[in-house]
Amino acid sequence: MSDVIQPSQPKPPAAAVPLKPLGKVLAVTSGKGGVGKTFVSANLAAALAKLGQRVLVLDADLGLANLDVVLNLYPKITLHDVFTGKAKLEDAIIRAPGGFSVLLAGSGMVEYSRLTPEVRDDFLRIMSGLVPHYDIVLLDTGAGISDVVLFAVSLASEVIVVATPEPTSLTDAYATIKVLVGQQKRQNIRMVINQTARLGDGRAITVQLQQVLDRFVTTEPGRPIKLLHMGDIPADPTVRQAIMRRQLLMQSSPSCPAALAIAQLALKIEDAVIHRGA
Amino acid sequence: MSPTSNPDVASKTPSSSIDLQLLQLDDARALLDHEMNMALPPPEASASQYLQSIINGLCELSLKDPLTGLANRRHFRTVLERAIDVVARSGEPALLLMLDIDHFKKVNDTYGHQAGDQVLQAVSKCLGKCVRPMDTVARYGGEEFAAILPNCHTSYGAAVAERIRETVEALVVQVSPGVSLKVTVSVGGAYAPEWVRSTTALWTERADVQLYRAKNEGRNRVFLDQQQEIYVSAEEKNLLFGHLALGEPAWLENVSGDLPGGSASVATQRVN
């Protein structure tokens, strides 16, 4: 009989073994919820579509994302129906107002939020089938660091971490980056800082994060972590209006400061992810 | 008894008055007398007060396990659902423990079912003492118990689980003159994935897996399924907020020390 509490060996998270990431898949993630991750995903998709790219946004939060709410879309057929064999994949992909395609998970997918090997295989199969049909696939992942989020990110060739200048958001973004670096051996992580008060704040935050990472996270020699600052989205009252009206900012107010910033971001993504990968 | 004149009740009930004489309340009353030792309202109470007290009693009764007085499965499920809701909205960590008395069948087979019941009652009492008032301990079925610990950080969760194991191990149950029994429990636990709206089935299953591990590894031990934990030290945090310190020093002091909710706050192993 042992009096010693057995050290709990955490089960290896589903995404512990890095999968071979699929090409031109961009995961949009954040540590904390409520930093505008889905807002960025949807409007970035619209901006990329405007540049002539074929874009698919996938609700990779398996039914917990707010993509349907942001886009005001309530499709009858979702990824859940594809998983359960009730519908074909083509029927679950719908056209969003911004000229891009959307695949929503459907609330039934919550049941899959524990990733069994079967679910992973299904998801991977679906993803591999989808990727060739688009110039870029955006994965709108869940908030927090869960199996599902890590799995979704592991499928992506690129990852954007969205953060706001708030300390809680920064801490959680930092923690997320540590996990992505530690578990998935990622070197390059793209940063988008949302709701910045002043020009240059976002870059300063990225630099700050980079400095703390350099000091506290050891990586394999020759494989330093690189945070790539992709842009700031300024705090803009128009954003709130668009969200409340459930419109895409890129459509309702394409010339407001936040929309212009997202258009810039789209150009950078097009250049760094789509063109480079081509 | 006079029919109620409370307009509030009247507006919400199909009939505007209650005639207790027409209701058959004797069985319900007897049940509450017997099971709950419930004090009935004084004679001057109104009919609706009287009826309400019976309804309250029956509600309470329907949530309790008759043998141990712990929450029953029905209550457990409701509390678990509420905990998931809180975790998903606030990111507050919550722990679910599944417990099983080791070799309980032997107690029943050797000393009889009454002795078994006494052991169950003693262990139940013990469990209740090991947790906070805000926690819910339930009899899951047979010799299996469950505990839901909302707002439970990792260090606390591990300590409680271990305290339960130790306390039960030290427990001596006198089942008859001259016969004292000692039992142990195996404990498995899982934290709810923070910020994620999980399901009761998935969460319970994760805790169950750990319980089976505890059983397989020789019983009388604790296994907790840790979720992905990332440690961000105070020093790291201070550095992270360096850029803010120039602009807003006053409120920075409030946030640099501890993390809200703890979605990334809990400490242990480094991922590498």
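This dialogue goes through a few features of a predicted model.

Colleague: Which residues touch the most other members of the largest nonpolar core?

Modeller: A nonpolar core joins buried nonpolar residues through C-beta atoms within 7 Å. In this model the largest such core has 88 residues, and A:Leu26, A:Leu44, A:Ala45, A:Val57, A:Leu138, A:Leu139 and A:Ile262 touch the most other members. Helix α11 of chain A, residues 257-277, supplies the largest share of this core, 10 residues. Another core, of 46 residues, lies apart from it and includes B:Leu80, B:Ala83, B:Leu99 and B:Phe223.

Colleague: What does A:Val57 touch, leaving out residues up to four places away in sequence?

Modeller: With those left out, the residues touched by A:Val57 are A:Ser41, A:Ala42, A:Ala45, A:Leu67, A:Phe100, A:Val102, A:Leu138 and A:Asp140.

Colleague: How many residues apart in sequence are A:Arg95 and A:Leu56?

Modeller: They are 39 residues apart in sequence, while their C-alpha atoms are 9.2 Å apart in space.

Colleague: How many helices and strands does chain B have?

Modeller: Chain B has 11 helices and seven strands. Of its 272 residues, 36% count as buried. Taking the contacts in chain B between residues at least 6 apart in sequence, 67% join residues at least 24 apart.

Note on methods
Residues are numbered from 1 along each chain as its sequence is written. Chains are lettered from A and ligands numbered from 1 in the order in which they are written. This is a predicted model: local features need pLDDT of at least 70, side-chain atom pairs count only at pLDDT 80 or more; totals for chains, interfaces and linings use all residues. A residue is buried if 20 or more other C-beta atoms lie within 10 Å of its own, exposed if 12 or fewer, and partly exposed in between; C-beta atoms are placed from the backbone. Helices (H or I, at least four residues) and strands (E, at least two) are DSSP runs, numbered from the N terminus. Two residues are in contact if their C-beta atoms, placed from the backbone, lie within 7 Å.
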